[in-house]
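Hi everyone, thanks for making time this morning.

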Amino acid sequence: MNGSTTNPAFLFFSYTTVAAAGSCKAYIPHSKPGPSYPNARRDPGKGIQIKQLNNMALSYLVWMLLLSLVGGLGVEGVGLACNWGTISTHPLPPDITVKLLKDNGFNKVKLFEAQPGVLRALGNSGIQVMLGIPNDFLAPLASSVGFAVKWVSQNVSTYVSKYGVDIRYVAVGNEPFLKTYKDSFLQTTFPALKNIQAALIKAGLGEKVRVTVPLNADVYQTDSGLPSGGDFRSDIHALMISIIKFLSDNDGPLTINIYPFLSLYADPHFPVDYAFFSGNSTPIVDGSISYTNVGWPTDGDSNANLQYAKKFNQGLVNRILRGQGTPKRSDAPDIYLFGLLDEDAKSIQPGNFERHWGIFYFDGTVKYSLDLGKNKTLVPAKGVRYLERRWCVMAPEANIADPNLTESINYACTYADCTSLGYGSSCSRLDTRSNASYAFNMYYQTMNHQKDSCKFSNLSVITSINPSQATCRFEVMIDVGKHDTRATSSSAGGLQNLAIRVIFVLILIIYGGVC
């Protein structure tokens with residue numbers, strides 16, 4: 001709540017929505033996240049919190065109350081915004097992605113870490129940037145102002161002055177007080193925040209670039225189940241008040257990530273109508289205020305599908321176009337959707353849906369139409385170059401009773417993304433032969449059609465006939481060799497988050513003004 005509060009200049013709210021497709025075959029491994037890629041694990045441990053979400057169905061409402069408590073929040077400016085994640089085996093080139101953003105009217109973007117190729121592409125683009133710092137950097141940033149100065153110099157000052165990147169915010173950490181982190185970042189987050197602020201001031205950027213801390217919705221609690229009963233968790237209450245006062249004193253926003261989909265994922269009895277903006281759900285009455293809506297992804301779970309995702313996002317866009325705020329704040333918020341593109345190398349620890357948060361597929365193709373107003377709708381990325389149109393499928397003569405079949409599929413899905421085969425997902429209705437073909441092809445594509453990447457114990461063959469069927473897409477990957485896709489992390493010495501992760505439509509809402 002990512003995207004997706006005493007006196008911060010604005011508030012960011014982040015709702016996560018998920019759309020799933022396909023159903024899990026017994027031999028598709030869920031415990032193995034796949035190949036290891038640099039920066040593949042943006043926030044390990046987030047998925048573990050799902051067991052804690054049964055009591056969070058109304059938790060987003062608490063933040064609506066907090067908006068009223070912090071007082072007088074103005075609007076920083078309404079515009080389309082999104083989270084741009086890059087945890088992908090075949091990332092869409094940064095220059096093409098920036099053009100995709102502009103073509104679809106996005107003028108704000110949140111990055112999870114400093115990546116040279118991405119930042120250079122955003123230079124002189126007219127797009128405002130929130131630049132994230134991963135949790136791994138909190139300890140060194142907290143222990144040394146000099147380290148913070150170096151980080152700001154390398155990742156903010158350089159790109160602002162040399163490349164014309166419009167960096168507006170630095171997001172220090174990502175959900176550092178998540179319960180599943182077991183207090184790992186309690187002692188380092190606030191000192192890191194203060195040191196980054198000091199470094200920005202030293203660099204002469206204190207008035208242009210503001211600091212923030214993206215927090216998970218579990219930083220608050222409500223004993224009554226109503227917003228009016230909400231408060232910060234007792235174990236971090238004093239710390240949160242200190243952070244909020246600091247943000248307020250420095251005109252910095254508080255960023256909150258809310259994941260309504262996870263409430264439904266954890267509790268099938270969660271009132272799904274609250275996720276949409278149709279006004280059909282029964283209002284929750286808290287004194288004189290009624291609350292009716294939350295927020296939705298597109299694959300990896302039965303509730304993560306194109307239909308729900310479109311319904312949620314269209315309702316959200318309509319709300320933005322109307323300039324509509326919250327029950328306690330009529331001012332129109334800025335909204336960061338989570339996310340822009342699917343990311344096939346994210347950890348699936350939270351669930352298979354984690355790789356399918358994008359409003360676009362991994363290559364920038366449109367998943368579903370959205371009316372953006374003024375006769376505009378989503379348009380796909382242009383100039384994408386692909387590998388040769390070839391697919392790896394189960395050989396016609398191969399027998400589904402072959403004793404090597406299960407092992408071959410397991411191997412393919414260990415090193416490639418098979419989440420669309422999961423229960424309720426887009427490829428869940430495939431028969432055994434097609435299921436194997438999907439697994440073989442994902443491995444073949446992930447390995448860039450390398451020699452021997454379509455050899456599975458004589459069970460597979462390469463074809464030029466597209467095997468896609470119904471809702472199940474058999475992908476052909478981006479040819480990264482034909483694009484400059486370099487986006488190596490340079491966050492003050494180079495951070496490499498190890499492993500993998502997943503999501504869908506994260507939304508961050510920004511409110512301007514002082515509480």
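Let's start with helix 10, whose buried residues pack against strand 18 (391-394) and helix 11 (432-446). Before we go further, please keep in mind that this is a predicted model.

Which residues of helix 10 are buried? Helix 10 covers residues 405-414, and the buried ones are Leu405, Ser408, Ile409, Ala412, Cys413 and Thr414.

Cys413 is joined to Cys418 by a disulfide, with an S to S distance of 2.1 Å. Which hand does this link have? The torsion about its S-S bond is about -85°, so the disulfide of Cys413 and Cys418 is left-handed. Buried means under 20% relative accessible area. Cys413 has 5%, so Cys413 is buried, and Cys418, with 5%, is buried too.

How many disulfides are there in the structure? There are three.

Let's go back to strand 18, the packing partner of helix 10. Cys392 forms a disulfide with Cys454, and their sulfur atoms sit 2.0 Å apart. Here the angle about the S-S bond is 85°, and the link is right-handed. This pair connects distant parts of the chain: Cys392 is in strand 18, while Cys454 is in the loop between helix 11 and strand 20 (460-463), 62 residues apart. Are these two buried or exposed? Cys392 is buried at 0% relative accessibility, and Cys454 is buried as well, at 9%.

That leaves Cys427 and Cys472, which form a disulfide with their sulfur atoms 2.0 Å apart. With 95° about the S-S bond, this link is right-handed. Cys427 lies in the loop between strand 19 (423-425) and helix 11, and Cys472 in the loop between strand 20 and strand 21 (508-510), so the pair ties together parts that are 45 residues apart in sequence. Cys427 counts as buried at 1% relative accessibility, and Cys472 is buried at 2%.

So what is the pairing, if we number the bonded cysteines in sequence order? For the protein chain, the pairing reads 1-5, 2-3, 4-6.

Technical notes
Residues numbered from 1 in each chain as written. Predicted model: local features only at pLDDT ≥ 70, side-chain atom pairs only at ≥ 80, totals over all residues. Heavy atoms only, no water. Buried < 20%, exposed > 50% of the residue type's maximum accessible area, 1.4 Å probe, protein only. Helix = DSSP H or I, 4+ residues; strand = E, 2+ residues; numbered from the N terminus. Contact = heavy atoms within 4.5 Å. Disulfide = S-S within 2.5 Å.
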